[in-house]
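Please open the structure in a viewer and keep the selection tool at hand. Each stop below says what to select and what is found there.

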Amino acid sequence: MTTHEEFESIAALDAIGAATSGEATALRAHLSGCIPCRRARGEFAEAALMMVFALEPVRPPAFVRTRIIAAKEEAERRFNPWWLAVAATLFLALWGWREFGIRVARERDVSQRAEIERLEHENALLNQRSEKLSAEMAALAAADTRTISLSGQEVAPSASAKVFLEPSRRRAIVFFTNLPANPNDKSYQLWIIRADQPKPMSAGVFDVTQSGNASIVIENLPVATEIKALAVTLEPRGGVEQPTNTTFYVAGNASM
Amino acid sequence: MNTSVPAATLLPAIARGDVSAFETLYDRYASTIYALLLRILCNTDDAQEVLQETFVKAWTSAKMFDALRGSEVAWLISIARSRGIDRLRSRRIRYEREDEAGREISVRSSFVEFTTGSDMAIQSQERTAVRGALAELPEPQRRALELAYFEGLSQSEIAAKLNEPLGTIKTRMQLGMKKLRDRLQAFQ
């Protein structure tokens with residue numbers, strides 16, 4: 001273990017830069033907690049300064065003073081807050097430009113995601129339409145398909161409809177033509193008048209555009225013998241439980 | 001010391017950007033620092049360059065000065081010695097390389113331009129006393145101290161240079177420093 005006397009000897013060497021790195025490290029650690037050795041280190045430092053003070057002073061040439069003052073001003077310019085302000089402004093400008101770029105890229109990304117979602121939704125609608133068309137084609141081509149014609153009534157004399165009924169699958173497809181476009185607050189509703197029930201049964205709600213054409217697929221139909229007639233009324237948008245009026249647009253009996 | 005501005009006020013004033021305080025600092029200590037650098041580097045061009053580096057460093061780092069850890073002149077000497085030894089070492093490496101290339105180099109080609117007896121870092125009677133203290137040291141001790149302090153040599157480098165055992169060199173330096181300290185305390 002190193003004694004105070006040994007640390008004092010190391011301090012003597014350290015004051016003139018002659019302690020080894022290991023000795024210097026050990027001394028620093030010791031000085032932090034030893035006041036007498038710290039004082040001794042200070043005394044040796046002052047003794048080392050005596051070696052400088054013993055030298056005969058030498059006045060540097062006058063131009064050195066001028067050069068040092070100029071160098072100081074140059075160093076001052078390098079540390080001038082004005083330059084710092086310019087540097088900070090440039091940094092902020094570059095940072096802002098980068099942030100702007102990131103923001104634009106993010107907005108572009110959001111826009112592209114929205115476009116992808118829109119296309120996916122459109123694709124889903126097209127798939128649904130494709131499935132509906134496939135079902136309609138299958139119904140039309142089925143061997144047991146029955147056809148029921150509905151004719152235009154007083155409010156739409158040129159209108160008509162064709163019902164293709166698949167009894168085996170209890171499914172029907174109805175094509176409407178020349179119906180007037182329904183108002184925005186109204187929907188057309190197809191009713192089945194059953195032989196076994198006094199009240200009409202809703203078969204579906206549909207809209208007609210300016211083209212006058214529309215089609216709906218009816219699932220879970222009553223068995224064919226229970227269907228007495230079909231008729232279409234104009235009802236509040238979304239349809240109702242029971243018809244609110246008796247103004248039929250197209251209608252027809254199911255018996256053939 | 002006999003100066004119009006108290007020494008301890010210079011570096012804090014310089015830290016606040018006081019140019020006249022900087023000029024006073026230079027006028028007060030430049031001769032002492034330049035003498036130290038000439039002693040270390042033995043070359044006026046190098047000594048003047050490091051003198052410039054030292055005072056510019058003092059200007060830019062004045063706020064780092066801590067009066068509790070030592071005097072202003074001790075702080076300046078510490079900067080100058082450190083940079084002077086660095087310059088000396090890099091020059092040694094350069095010369096060694098040039099020597100390897102077969103060039104003839106004059107290491108100490110130039111010397112002091114002129115000297116003056118004026119100095120503000122220490123009074124002349126104190127200098128005389130300090131020189132007396134150094135002169136009282138046995139030559140081997142003084143030589144070992146000078147090689148360490150002014151040439152930045154390590155214990156083993158000094159031992160090799162003087163062709164002495166490492167332990168002997170170490171003891172010489174420790175004894176020399178203790179004698180210097182005792183003499184300094186005797187002045188006070």
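This is a predicted model: local features need pLDDT of at least 70, side-chain atom pairs count only at pLDDT 80 or more; totals for chains, interfaces and linings use all residues.

Residues are numbered from 1 along each chain as its sequence is written, and chains are lettered from A and ligands numbered from 1 in the order in which they are written.

**Stop 1: chain B**

Select chain B and display its secondary structure. It comes to eight helices and zero strands; here helices (H or I, at least four residues) and strands (E, at least two) are DSSP runs, numbered from the N terminus. Of the 188 residues in chain B, 36% are buried. A residue is buried if 20 or more other C-beta atoms lie within 10 Å of its own, exposed if 12 or fewer, and partly exposed in between, with C-beta atoms placed from the backbone.

**Stop 2: helix α5 of chain B**

Select residues 124-136 of chain B, which form helix α5. At 1.5 Å a residue, its 13 residues should span 18 Å, and the end C-alpha atoms are 18 Å apart, which agrees. The expected span is 1.5 Å times one less than the number of residues. Which residues of α5(B) are buried? They are Val130(B), Ala133(B) and Leu134(B). Seen down the axis of α5(B), the buried residues fall within an arc of 95°, so they line one face of the helix; the arc is that of the directions from the helix axis to the C-beta atoms. The face turned away from the buried side carries exposed residues, including Ser124(B), Gln125(B) and Thr128(B).

**Stop 3: a loop in chain B**

Select Asn163(B), in the loop between α7 (155-162) and α8 (166-187) of chain B. Its phi is near 55°, a positive value in a residue other than glycine. Asn163(B) counts as exposed because it has 6 C-beta neighbours inside 10 Å.

**Stop 4: where the chains touch**

Show both chains. The contact takes 34 residues from chain A and 45 residues from chain B; two residues are in contact if their C-beta atoms, placed from the backbone, lie within 7 Å. On the side of chain A that touches chain B, the largest share, 10 residues, comes from α3(A).

**Stop 5: the nonpolar cores**

A nonpolar core is a set of buried Ala, Val, Leu, Ile, Met, Phe, Trp, Tyr and Cys residues joined through C-beta atoms within 7 Å. The largest has 69 residues, and among the members that touch the most others are Ile16(A), Met50(A) and Leu37(B). Helix α2 (residues 19-41) of chain B gives the most to this core, with 13 residues. A second, separate core of 28 residues includes Ala231(A) and Tyr249(A).

**Stop 6: the sheet of chain A**

Select the strands of chain A. Eight of them form an open sheet in the order β5-β4-β7-β8-β1-β2-β3-β6, with antiparallel pairing; two strands pair if DSSP finds at least two bridges between them. The edge strands β5 (201-206) and β6 (214-218) of chain A each pair on one side only. Inspect β4 (residues 186-194) and β7 (residues 227-236) of chain A, which nine bridges join. The bridge partner of Gln189(A) in β7(A) is Thr233(A).
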